[in-house]
Amino acid sequence: MAKKRAREADGATEPRDNDKMVEDSDSSDDEDFEMINVDFEWFNFNEKIDFHGTRSLIRQLFDVDAQLFDVSALADLILSQSSIGSTVKTDGEESDPFALLTALNIQEHRQKKPIAQIIEYLTEKARATPSLAPIPELLASGQHVGVILSERLINMPSDIVPPLYSMLIDEIKDAVEDEEPYEFTHYLIVSKTYHEIESKLDVEERKKKKGKQDATLYYFHPEDEVLQKHAVAYGSYPFSKMDDAVADSKRAFQEMGVMPMGSLILIEASKFADAVKAVGEYLSAPS
């Protein structure tokens, strides 16, 4: 498993090789590929380097609803706790992160603008989603809830995820031993899902078909399907700023479009380690 330098010192993990498939630029045949190795390194957050990359990934995580938050202030808050969470890079510490994972204490930071915005937003979404019913009361209870923000570029391999979560557990354990405010009762994972939707261009033709099938839910982050099995509550919700025109203009399938949605997964702290272990087993399983 990848290792990151001790939390007292900012640093990187030992590089980890991953195979990545890229198109052969010398060939016009779409089926011609070559394999290259990419070294991934895990780093602590660095305020001097990671602001723009962190802000970009947070915007990606909240999708069209990112405009509802002070994302710059949220990025600053993430970077201020450099010993909690990690970035993943491929070209040394000075390069931009391709992935990140961190945990923020809702109770500790609830008076700060970006966290107050997140609390209000997640409370509103959870109240409108029956499967997320326990979350509003929990966020208002004063309990120490760790909100986990995890995002990565879409072509990043999923096997970078288990080290991110495992290192987070170790870092939180060390922080609690140092009497820092990371002794959580629950973890609330903010993520994304999506489902395919009919294009407006095809609605009339589709109406001719009998019946209506429920949209299949897909995961941007495959680990979410495992984490949900350990959850107290989980569910997806529509983004506030999403409209059909946006999804329709970005159709990713031949006859269907993609409708991204927000997702929340609530896990009791006592069950979090088992959930992370299950993620590691799932993502390391042979295909």
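In which sense do strand β3 and β4 pair, and over how many bridges? Strand β3 (residues 86–89) pairs with β4 in the antiparallel sense, over three bridges; strands count as paired if DSSP finds at least two bridges between them. This is a predicted model, in which local features need pLDDT of at least 70 and side-chain atom pairs count only at pLDDT 80 or more, while totals for chains, interfaces and linings use all residues. Residues are numbered from 1 along each chain as its sequence is written, and side-chain values use heavy atoms, with hydrogens and water left out.

**Whole chain**

- The protein chain has ten helices and nine strands; helices (H or I, at least four residues) and strands (E, at least two) are DSSP runs, numbered from the N terminus.
- Of the 287 residues in the protein chain, 48% are buried (buried means under 20% relative accessible area, exposed over 50%, partly exposed in between, with a 1.4 Å probe and protein chains only).
- Among contacts in the protein chain with a separation of 6 or more, 78% join residues 24 or more positions apart; a contact means heavy atoms within 4.5 Å.
- The protein chain has an accessible surface of about 15,200 Å², and carbon and sulfur atoms hold 46% of that surface (Shrake-Rupley method, 1.4 Å probe; for residues, only the protein chains shown count as cover).

- Strand β4 (residues 99–105) is mostly covered, with seven of its seven residues buried.
- A99, L101, A103 and N105 point one way from β4, and L100, T102 and L104 point the other way.

**Helix α6**

- Helix α6 (residues 161–177) has 17 residues and should span 24 Å at 1.5 Å a residue (the expected span is 1.5 Å times one less than the number of residues).
- The end C-alpha atoms of α6 are 25 Å apart, which agrees with that span.
- Buried residues in α6 include V161, Y165, L168, I172 and A175.

- E179 follows α6 and lies in the loop between α6 and β6 (186–198).
- Phi of E179 is positive, near 60°, and E179 counts as exposed at 75% relative accessibility.
- D63 has a positive phi, near 55°, and is found in the loop between α1 (51–62) and α2 (71–80).
- With a relative accessible area of 23%, D63 is partly exposed.
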